[in-house]
Amino acid sequence: MKIIVCIKQVPDAKDVRLDPETNTLAREGVQSIMNPYDQHALEEAVRLKEQLGGEVTVLSMGPPQAEEVLRQAISCGADRGVLISDRAFAGADTWATSYTLAKAVNKIGDFDLILCGKQAIDGDTAQVGPGLAIQLEIPFITCIQKVREADEKHLVMERMMDDGYDVVSVQYPVLLTVVKDLNEPRVPSLKGKMKSKKAKIEMLTAADVGADAACIGLAGSPTQVVDVFPPPPRGERAILTGNIDEQVEQLVAKLATYL
Amino acid sequence: MLIVDKDLCVGCEVCVDNCAFGAITVIDGLAVVGDACTLCGACVDSCEVEALHIEGGEKSVQADLDSWSGVWVYCEFRAGLLAPVSLELLGIGRKLADARGVKLSAVLIGSDTGESAAKLIAHGADIVYRADNAALKYFTDETYGAVLTKLIQEHKPEVVLAGATAIGRSFIPGVANTLGAGLTADCTQLDIRADDGALLQTRPAFGGNIMATIVCPHSRPQMSTVRPNVMKALDTDASRSGELIDVDLEPAMLQAKVQVLESVISEHDDVNIQESDILVGGGRGLESEKGFDLIRELAKSLNGSVAASRAAVDSKWIGYPHQVGQTGKTVAPKLYIACGISGAIQHVAGMQSAETIVAINRDAEAPIFNVADFGIVGDLFEVLPKLISTIEGRQK
Ligand SMILES: Cc1cc2nc3c(=O)[nH]c(=O)nc-3n(C[C@H](O)[C@H](O)[C@H](O)COP(=O)(O)OP(=O)(O)OC[C@H]3O[C@@H](n4cnc5c(N)ncnc54)[C@H](O)[C@@H]3O)c2cc1C
Ligand SMILES: Cc1cc2nc3c(=O)[nH]c(=O)nc-3n(C[C@H](O)[C@H](O)[C@H](O)COP(=O)(O)OP(=O)(O)OC[C@H]3O[C@@H](n4cnc5c(N)ncnc54)[C@H](O)[C@@H]3O)c2cc1C
């Protein structure tokens, strides 16, 4: 089994806040982490490798420091890390990101399975996984919550739907996006940590993968962000007063329109 | 790339203040751009000496922009039901179509869709494209994607909207990517820009901490998924007339490599919490599975559904489909009552766009009170039973 896991480095949500006065994201002390959903994608890849044999490659597009999340992935069981990084990728929307990742996947070589997180917690679009599958001309299934059966040829899985779940079956190659119910990611082993320190992360540029300049970065992005602003402030908060009976009475009165 | 003209830049730091991503610093009196730059252009507009511009964005403009016309809504139909968001989208779609002076069309894909097409017309559609076939009984990205892609290529609408549901957020990105179209995710506001008729798509990002407005100036169609429960459906008007077109389905469009073996609709709890007007959320403060029953009771008395923090889900008091937050669902109900939830940023990200938020927590310092419209500081096991009986008493 050759498995590729796409991993994005994202700012830790608990540190991200837009300062309403300056309109800027508070960046001070913001830690970068592996996108939480991608941890579950990685864990599943490593489990499948342990069950069926093979190799797990982790791939990220991002600035040079995104190398950190690839090393972290190696410490959790990935075999090979590939970072595609180029100033020319700046401003990429999900179309351009999918295109660039597809070029990198082609460079990496054969694969049976690609795993992505359901969504990145910064961009929040959940569009890169499906886009990448279309670029690679392979089928995709989103929001996998459980793998029921896996062998060398095919997978039977549950995909989360709004009203329950669907049981789906598919042969390789396929791209999956995963939700956090799928598994419990492992913590890195001591051996894994040693391995990740020594591992060589392969670096690729736009030229290395033969990316068309018109399809990457800002030029390759059909969407364009024209304005960024803080969310509308909520109204005044009101902590109710009085004893509990009185507070409950007041609350029910306030909520009258919903009853 | 964001280019700083060294001769013009005066190092005034106005751009630093205007960059939402903290990507600019002033070093030795000159603005310097870092890796966090997303090329959003906010600084370019803010610079008083016009020292900033974005380069390399030589986008090829699609030649036939003007030949794309009409507003389309993908109307989700599953297991015999139209998703409520479909009707909401016809409401906003009608407004956009009227502003553009074009027709509003609905696309209905499924099997045994019955009277649904008529319902879509009564809710504002001028045309319904219906693909009703036994092979479309179960949703697959391949079949639904093939049908919608073909229709868009044939009829060339300028705008395509779909609900930001599990189905919409799955196959619409595939369709957009196939078409090379821009797609804005999970929009909460849509408008037409007066000067050029472009669709202004506004959405929360970074877990709801910032809002971004996005346009697709150089390509068509302009596509968006739209958050359920945000737009308003029109009242049914049975006297409205519209055209129903049954779509020709080629065998290749009905074939999929992914096979759906079974579709399991959750029976016990109402798991589709994104469509609920009233949600009662329970957290670690409920202490046990039995404690969590109070949440179910309160939800029942309000005719609402049950939501939960990750702590409650991880404790197995309730299933993951009920989790609200950054790694769960994003909800926008009319009323959200948070009980025994501390208000961690990852939870708040999923519920802060609720119309009214109520928090019940014994810790007056809990951050949940910062987003609450009404708060009760008190013990849940005292407050909730009283609240339930008061509500029930009122309804009698
Ligand atoms: C405020 C703001 C709003 C935006 N809104 C939109 C929008 O509506 N539409 C749009 O097309 N673009 C939008 N973008 C651009 C978008 O954030 C970028 O294209 C980003 O590179 C990918 O999108 P995402 O973060 O949403 O990833 P998602 O699609 O949510 O990521 C899903 C999965 O894809 C994989 N993945 C994603 N990015 C990478 C990567 N760089 N390397 C490796 N794997 C990856 C991971 O497995 C991840 O879990 C927006 C950007 C900003 C700053
Ligand atoms: C990457 C990442 C993603 C995450 N995603 C999510 C997500 O999607 N959704 C989510 O919810 N969380 C998420 N979390 C977890 C989040 O950080 C919090 O840990 C979680 O929301 C806490 O749940 P809670 O509020 O129920 O529990 P706690 O934080 O433990 O709060 C319990 C609250 O109950 C109150 N309480 C206790 N007993 C009583 C009583 N008898 N009466 C009244 N009040 C009482 C306490 O005062 C306290 O405020 C994520 C975390 C990470 C790191």
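Predicted model: local features only at pLDDT ≥ 70, side-chain atom pairs only at ≥ 80, totals over all residues.
Ala, Val, Leu, Ile, Met, Phe, Trp, Tyr, Cys and Pro are counted here as nonpolar, Asp, Glu, Lys and Arg as charged, and the others, Gly among them, as polar.

Backbone atoms of chain A take part in several contacts with oxygen atoms of the ligand. For Cys6(A), a backbone N or O atom lies 2.7 Å from an oxygen atom of ligand 1, while a backbone N or O atom of Val128(A) is found 2.8 Å from an oxygen atom of this ligand, and a polar backbone atom of Asp93(A) is 3.0 Å from one. Taken alone, ligand 1 would expose 940 Å², and the protein buries 95% of that area.

We turn next to a sheet in chain B. Strands of a sheet pair through backbone hydrogen bonds, and they may do so in a parallel or an antiparallel way. In chain B, seven strands form an open sheet with parallel pairing, and their order across the sheet is S11-S15-S10-S5-S8-S9-S16. The edges are taken by S11 and by strand S16 (243-246) of chain B, and because each of these has a single partner strand, one side of each is left without a neighbour in the sheet. From one strand to the next, the twist of this sheet averages 20 degrees.

Helix H3 (residues 84-100) of chain B lies across strand S5 (71-75), strand S8 (104-110), strand S10 (159-163) and strand S15 (222-226) of the chain, and runs at about 180 degrees to S5(B). Helix H5 (residues 141-155) of chain B, for its part, lies across S5, S8, S9, S10 and S15 of chain B, and its direction is at about 155 degrees to S8(B).

What surrounds ligand 2? Residues from chains A and B do, so the site is shared between chains. Among the 26 residues around ligand 2, Arg284(B), Ser309(B), Thr327(B), Ser342(B) and Asn361(B) come nearest, and by class the shell divides into seven nonpolar, 14 polar and five charged residues. A polar side-chain atom of Thr327(B) lies 2.7 Å from a nitrogen atom of ligand 2, whereas Leu380(B) places a backbone N or O atom 2.9 Å from a nitrogen atom of the ligand, and a polar backbone atom of Arg362(B) is 3.1 Å from one. Taken alone, ligand 2 exposes 980 Å², of which the protein buries 80%. The elements that give two or more residues to this shell are helix H8 (310-314), helix H9 (345-351) and helix H11 (380-395) of chain B.

The last stop is an open sheet of four strands, in the order S14(A)-S14(B)-S13(B)-S12(B), with antiparallel pairing. Strand S14 (224-229) of chain A and strand S12 (189-192) of chain B stand at its edges, each with a single partner strand, so one side of each has no neighbour in the sheet. Within chain B, S13(B) and S14(B) pair over five bridges in the antiparallel sense, and Pro204(B) stands opposite Met211(B) in S14(B). Four bridges join S12(B) and S13(B), also in the antiparallel sense, with Asp191(B) having Leu200(B) in S13(B) as its bridge partner. The hairpin of these two strands has six residues between them, and in this hairpin Gly197(B) takes a positive phi near 75 degrees.

Conventions. Residues numbered from 1 in each chain as written. Chains lettered and ligands numbered in written order. Heavy atoms only, no water. Polar contact = N/O pair within 3.5 Å; in protein donor to acceptor, adjacent residues only side chain to side chain. Areas by Shrake-Rupley, 256 points an atom, 1.4 Å probe, with all protein chains shown as cover. Pairing = 2+ DSSP bridges. Axes fitted to C-alpha atoms, helices over the stretch in contact; angles between N-to-C directions. Contact = heavy atoms within 4.5 Å. Near = heavy atom within 4 Å.
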